[in-house]
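Colleague: I'm new to this one and would like a walk through it. Could you put it up on the screen?

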Amino acid sequence: MTNEKTRDIVLIALFAAIMAVLGVFPPITLPLVGVPITAQSLGVMLAGGILGARRGALAMVLFLVLVAAGLPLLSGGRGGFAVFLGPSGGFLVGWIVAAFVVGLMVERFWPRLGHVNAFAACVFGGIVVLYAIGIPWIAFAAEISIAQAFVGSMPFVPGDVIKAVIAATVIVTVARSYPVIVSR
Amino acid sequence: MIQLEGVTVRKGDTLILDAISVTLTERRIGIIGANGSGKSTFARLLNGLERPTTGTVRVDGQPTDRKSPLGKVGFVFQNPDNQIVMPLVDEDLAFGLRKSGLSKFEIGARVRSHLDRFGLTHLSERRTHELSGGEKQLVALIGVLVMEPAIIVLDEPTTLLDLRNRRILVSFLDRLDQTLIVVSHDLELMASMDRLIWIDERRIRGDGDAGDIVRAYREAIATEPC
Amino acid sequence: MLTSDYVPGDSAVHRARPLIKVGLLFVFCTWLFLQEGWLSLSVAGMALAALLAVARIPPRMVFAAVRPALWVLGLIFLAQLFLADWRFAGFVVLRFAVMILAASLLTLTTRTSDLVEAIEGALSQFLPQRSAEAISLALSLCLRFIPRVRDIFDEVKNAQRARGLGTSWRALVTPTIVRALKSADEIARAIVARSPGPADGPAMPDGRHVR
């Protein structure tokens, strides 16, 4: 095993663990819309934005394998195969693609990475792409139309935008103080 | 036996070690020096974790850039939290042996015999993150011992330990048959070595009898302007 | 936080091979989606109830498995009530409940370590051995890192409090991640140092046993 490959494995495992730790924080309920927001989708943006597309997506795969195997790592102590078959299963699988897209955009922006384009990457990958996978899943499984599923998911967007702001700041600061993507 | 011949290490523009030549044959060798003197890099050269920019490091005559010395030279890191890889103690102790060609059964037996030898059998099924600092340091050391290397390099093994755990660790080290190379600020431990090397400003400043070097080191620090 | 809801037992459901259970679960759920009707749902529900009884899962655990999804299921029920009628709304929600319970049955009757081992075993059938080893290492490392990341986070939180800084998200997350990354790099180095390959000499019985 080469050193570089070992490092990749360690970083992937680290961000899967960070996802698990973020799941321990109690959900914060937004005052106006009354929807609980959890810290875990922050971890999705961070994994892509800090590790890059490939390793970020693999960190999500690893985390979801542990969830599927039964560890109660999702926020609220949920875990097990059941969560994938529930209505929000699409969002969980979507995390893999979301982390990949955030990572891909941050890699593209890398030499001139700043708060604005990091925020754009988080919003596009971590919200637009994620919902584009999660919403049809709800619609299919709950036998409702895409439009209805879309409307039903909108209350979560303000919380996700706040997370994108936090994620963007963290991604930019880490890129300056301990860059992982460029050092490859 | 480890030989360094004109070893220089550079990181970017920074010179870390400058033309070091030394032959290490004694059974217990100490390395002292100030923070940033290059002694940690020196330690990492000995098992190939660090490569010399110029010069050669030889372990039993073999240059480390041609033949990895990992099997012969074990390395105990300063912070056991960064060395313990597996969730359970027995899994962690077996970690290094997973590519050794030994069967699962042989690996288990070897891990148990090492735990037994130091009276630590009760730790075998504990979760590694629940161990005390002293227990973690011992598990990190046994994780290296199960590999049965001929030489063990320890990077500041007593720094994070309280007085009692330090005593336990030192008594452990006394019972080992291997060649030990210990990097430390612990002058009491250093004074008990067969030979002491003092690294200062990227070069070897003193080398010889442990008692003499410790005395010279204390004097040099005491007379330095603050 | 790392304990799953495993209910110890020695039933046929417990003893079935983990991968077979995963395969059956997949077939079961696909079938439920394809057969849209009360008849197939009732058959599935009864089969599931029988398996839960065989595995002696206490009713409390059965309810606990569905509880996290209750409010979403409630919303879906209301939506369908407006869109269709109460019968269809009930059907959609019950189908969810049956699937969630079926998946929970897998978790409740299979040890996590057995399932992880089965996943590793299955992967090593399809992947080269090196990749299978890498995946196995990643799984163990992740379990090792979870308490470590929590410790780092707590240390950062306490340090910020001691300095009189508030506990804003940003002030906590960035230092935690930077410290975790440094620790990860050190662990990567330790893994290399602790992993001599067969070509690296000793580590194998060679007569140099510690006495």
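Colleague: Let's start with the records: at which residues of chain A does UniProt place the feature "transmembrane region"?

Modeller: Before that, a word on what you see: this is a predicted model, where local features need pLDDT of at least 70 and side-chain atom pairs count only at pLDDT 80 or more, while totals for chains, interfaces and linings use all residues. Residues are numbered from 1 along each chain as its sequence is written, chains are lettered from A and ligands numbered from 1 in the order in which they are written, and side-chain values use heavy atoms, with hydrogens and water left out. UniProt positions follow the numbering used here, with shortened feature names, and annotations may be inferred rather than shown by experiment. From that unreviewed entry, the spans in chain A are 9-26, 32-51, 58-75, 81-106, 118-141 and 161-181.

Colleague: How far apart are the end C-alpha atoms of residues 118-141 of chain A?

Modeller: Helices (H or I, at least four residues) and strands (E, at least two) are DSSP runs, numbered from the N terminus. Residues 118-141 of chain A are 100% helix and 0% strand, whereas residues 161-181 are 81% helix, with ends 24 Å apart. For 118-141, the ends lie apart by 33 Å.

Colleague: And chain C: what is the helix percentage over residues 88-108?

Modeller: UniProt, again in an unreviewed entry, gives "transmembrane region" for chain C at 40-57, 64-82 and 88-108. Residues 40-57 come out at 83% helix, with their end C-alpha atoms 23 Å apart. Over 88-108 the ends are 30 Å apart, and the helix share is 100%.

Colleague: What area is buried between chain C and chain A?

Modeller: Counting contacts as heavy atoms within 4.5 Å, chain C brings 58 residues and chain A brings 55. Buried area is the accessible area (1.4 Å probe) that two parts lose on being put together, summed over both. Carbon and sulfur atoms give 82% of the total, which is about 4,900 Å².

Colleague: Which residues of chain C lose the most area to chain A?

Modeller: Three residues stand out here, and together they make up 13% of what the chain C side buries. They are C:W169, C:I177 and C:L181.

Colleague: Which residue pairs with C:R95 in a salt bridge?

Modeller: A salt bridge needs a side-chain nitrogen of Lys or Arg within 4 Å of a carboxyl oxygen of Asp or Glu. Between chain C and chain A there are 2 of them. In one, at 3.0 Å from N to O, the partner of C:R95 is A:E143.

Colleague: Which helix gives the most to the side of chain C that touches chain A?

Modeller: Several helices of chain C supply at least two residues each, among them α2 (18-34), α6 (86-109) and α8 (129-162). The one that gives the most, with 15 residues, is α9(C).

Colleague: Over to chain B: what is the strand order in the open sheet of 4 strands?

Modeller: Two strands pair if DSSP finds at least two bridges between them. Strand β1 (residues 2-11) pairs with β4(B) over 5 bridges, and β4 (residues 54-59) is joined to β5(B) by 2 bridges. β2 (14-24) and β5 (62-63) stand at the edges, so one side of each has no neighbour in the sheet. With antiparallel pairing, the order is β2-β1-β4-β5.

Colleague: Which residue is the bridge partner of B:V59 in β5(B)?

Modeller: B:V59 also stands opposite B:I2. For B:V59, the partner in β5(B) is B:Q62.

Colleague: How many residues apart in sequence are the parts that B:R203 and B:D18 tie together?

Modeller: Their side chains meet in a salt bridge of 2.9 Å, N to O. B:R203 lies in strand β10 (residues 203-208) and B:D18 in strand β2, so the pair links parts whose separation in residues is 185.
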